[in-house]
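Subject: Structure for you to look at

Hello,

Here is the structure I promised you. Please open it and keep it beside this email while you read.

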Amino acid sequence: MIIVLESREETHVATISTDDLKRPEPQALSSTLERLAARFGNRLITSQAVRDQHAHTTTWLPPQPPDAVVMAQETADIQDTVRICAEHGVPVIAFGTGTSLEGQVNAPAGGVCIDLRDMNKVLEVHAEDLDCVIEPGVTRKALNEHLRDQGLFFPIDPGADASLGGMAATRASGTNAVRYGTMRDNVLALKVVRGDGEIIKTGTRAKKSAAGYDLTHLFIGAEGTLGIIAELTIDQAARHPRNHRGRGLLVRDGSRRLPGHDSGDPDRYSRRADRAAQRRTGQGLQFLLKIVVAGDAASAA
Ligand SMILES: Cc1cc2nc3c(=O)[nH]c(=O)nc-3n(C[C@H](O)[C@H](O)[C@H](O)COP(=O)(O)OP(=O)(O)OC[C@H]3O[C@@H](n4cnc5c(N)ncnc54)[C@H](O)[C@@H]3O)c2cc1C
């Protein structure tokens, strides 16, 4: 079945400049803040200092602070905030750790920022299946600290200690991307609060599924424009370089151990493994070259 979303003679690509965004009516904004204050008490913050902290500063774009910040602690907090804001046409901006570099957490039309740092629980770890279920405010370093004892690690490293929710929302990559892929390759499923407050689950822990639309990948990289990620099922993708007894290394693509390394540092392991792979590739190429040269010599003779 093909669904025709729009039928026009000309093809249009819709773009919205942030300059065109309108701030909500003052009455709508004050009603929203009143209702949020009644719901969240001191977890609704309107002080200038906190609002400024939630505007973007690591970019050439000037900071554009929100009108208020809600400190979410559970999915219901996200839902209620989104619902109240939607009723009054007030924008909502999700906030992980604010390390994104292109002004993503700016609030060009004001609105309410939902800070997810307190939703930072690792809910389930399935070590045998190499996956885990986490809240969006878990940072990548905290996750790796949690997984370490179970011989696992999460390989995506964008440099900053970003939240996994923010990393999924920006489809983060980093120094290990060539070996382990990006967030696109390491998220199995999401729980998302949509713009109307409805919750959807985009998948399961199953590594393979051909059922339905691939909604998980629609939300990865959407930068919070399609909904707020309230839970992630992460595919850890790799065993920690050190085995459980700390006696050397488990190599991901085989059982061979790389000698002389005992730091347990995944990045260092990764570099070492990459060099080993490069050496193998180099040896392979030399071998291939020898065959070609030998072949040429034979045909010349
Ligand atoms: C020194 C440095 C180096 C970096 N190097 C890299 C790099 O190599 N590769 C790379 O990819 N990135 C890199 N980054 C960028 C940055 O780390 C990523 O953009 C990061 O993934 C953002 O995560 P965050 O938690 O800080 O999200 P935030 O900055 O808080 O938010 C980013 C966007 O995601 C949205 N968002 C946040 N949480 C959620 C949620 N739960 N649900 C829905 N939307 C949400 C926000 O609204 C915003 O639009 C680097 C940053 C720094 C400071």
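Below is what was found in it, from the whole chain down to single residues.

This is a predicted model: local features need pLDDT of at least 70, side-chain atom pairs count only at pLDDT 80 or more, and totals for chains, interfaces and linings use all residues. Residues are numbered from 1 along each chain as its sequence is written.

The whole protein
The protein has nine helices and eleven strands. Both are DSSP runs, numbered from the N terminus: helices are H or I with at least four residues, strands are E with at least two. Of the 301 residues, 35% count as buried. Buried means 20 or more other C-beta atoms within 10 Å of the residue's own; exposed means 12 or fewer; partly exposed is in between; C-beta atoms are placed from the backbone.

The ligand
The ligand is surrounded by 31 residues. Among the closest are Gly-96 and Gly-159. Helix H5 (164-169) gives the largest share of this shell, four residues. Domain 1 (2-115) and domain 2 (122-239) both contribute, so the shell lies between them. The domain bounds come from an automatic or database domain assignment.

A sheet and its helices
Four strands form an open sheet in the order E1-E2-E4-E3, with mixed pairing. Strand E1 (44-45) and E3 stand at the edges with a single partner strand each, so one side of each has no neighbour in the sheet. Two strands pair if DSSP finds at least two bridges between them. E1 pairs with strand E2 (residues 68-71) in the antiparallel sense, over two bridges. There, Leu-44 stands opposite Val-70 in E2. Helix H3 (residues 75-88) packs on the sheet and touches E2, E3 and E4. Its direction makes about 175° with that of E4. Contact means C-beta atoms, placed from the backbone, within 7 Å. Axes are lines fitted to C-alpha atoms, for helices over the stretch in contact, and angles run from 0 to 180 degrees between N-to-C directions.

Two residues to check
Leu-130 has a positive phi of about 60°, although it is not a glycine. Leu-130 lies in the loop between strand E5 (122-126) and strand E6 (131-134). Arg-171 is not a glycine either, and has a positive phi of about 50°. Arg-171 is partly exposed, with 17 other C-beta atoms within 10 Å.

Best wishes

Definitions and conventions. A residue is near a molecule or strand if its C-beta atom, placed from the backbone, lies within 6 Å of it. Two residues are in contact if their C-beta atoms, placed from the backbone, lie within 7 Å.
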